[in-house]
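Good morning, and thank you for coming. Please look at the sequence and the structure on the screen while I speak.

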Amino acid sequence: SSGINAEYGGRLYAMEALKNSHLMTEKGQRMRGLWEELVAAMEKRGRLIEEALKYATFMREVKEISHWIDEHEVYSKATQLGYDLEQNEALREEFEKFTIQLTDTGKSLDFIKEHSVQLQNDRHTDFKAIKEQTESISARSPMMSVTKIRAI
């Protein structure tokens with residue numbers, strides 16, 4: 001009778017172990033699924049953070065150029081003339097410095113346009129706002145042509 005009980009107990013133990021291993025497999029699969037969901041969520045979050053960084057960089061460039069244009073637009077349209085040779089030379093020198101800054105700003109405008117195209121190609125979620133900012137900056141930069149006319 002004790003041999004029968006031991007054999008029966010062994011079978012019960014084996015059946016319980018098999019049941020537990022099945023539960024462990026199910027739990028492992030659920031854990032793997034949750035892990036994959038977590039990894040996917042983190043990858044999505046990383047992409048969103050990268051997009052936000054690109055947008056913030058773009059907007060900082062736009063803000064800097066807008067500020068520079070606001071500060072210098074009046075100067076580019078000024079028709080101030082000197083009263084003597086010395087004053088004319090001083091105005092000419094100041095204008096030449098401004099022209100150099102304007103060239104650098106033109107390069108920055110080109111960078112903004114290139115950055116805008118890159119963000120469009122990357123299918124940035126805020127591309128509509130980016131496109132509007134690019135168009136706005138481009139429309140505000142006629143001082144390039146005004147300055148070229150003045151330089152003549």
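Apart from its neighbours within four places in sequence, Gln-101 is in contact with Trp-68 and His-72, where contact means heavy atoms within 4.5 Å. What we see here is a predicted model, in which local features need pLDDT of at least 70, side-chain atom pairs count only at pLDDT 80 or more, and totals for chains, interfaces and linings use all residues. Residues are numbered from 1 along each chain as its sequence is written, and side-chain values use heavy atoms, with hydrogens and water left out.

Gln-101 belongs to helix H2, residues 85–121; helices are DSSP runs of H or I with at least four residues, numbered from the N terminus. Between the C-alpha atoms of Gln-101 and Trp-68, which stand 33 residues apart along the chain, the separation is 9.6 Å.

Thr-134, in helix H3 (residues 127–139), counts as buried, at 11% relative accessibility. A polar atom of the Thr-134 side chain lies 2.9 Å from the backbone oxygen of Ile-130. Beyond four places in sequence, the contacts of Thr-134 are Phe-58, Ile-112, Lys-113 and Ser-116.

Key: Helices (H or I, at least four residues) and strands (E, at least two) are DSSP runs, numbered from the N terminus. Buried means under 20% relative accessible area, exposed over 50%, partly exposed in between (1.4 Å probe, protein chains only). A polar contact is a pair of N or O atoms within 3.5 Å; within protein, one must be able to donate a hydrogen and the other to accept it, and residues adjacent in sequence count only if both atoms are side-chain atoms.
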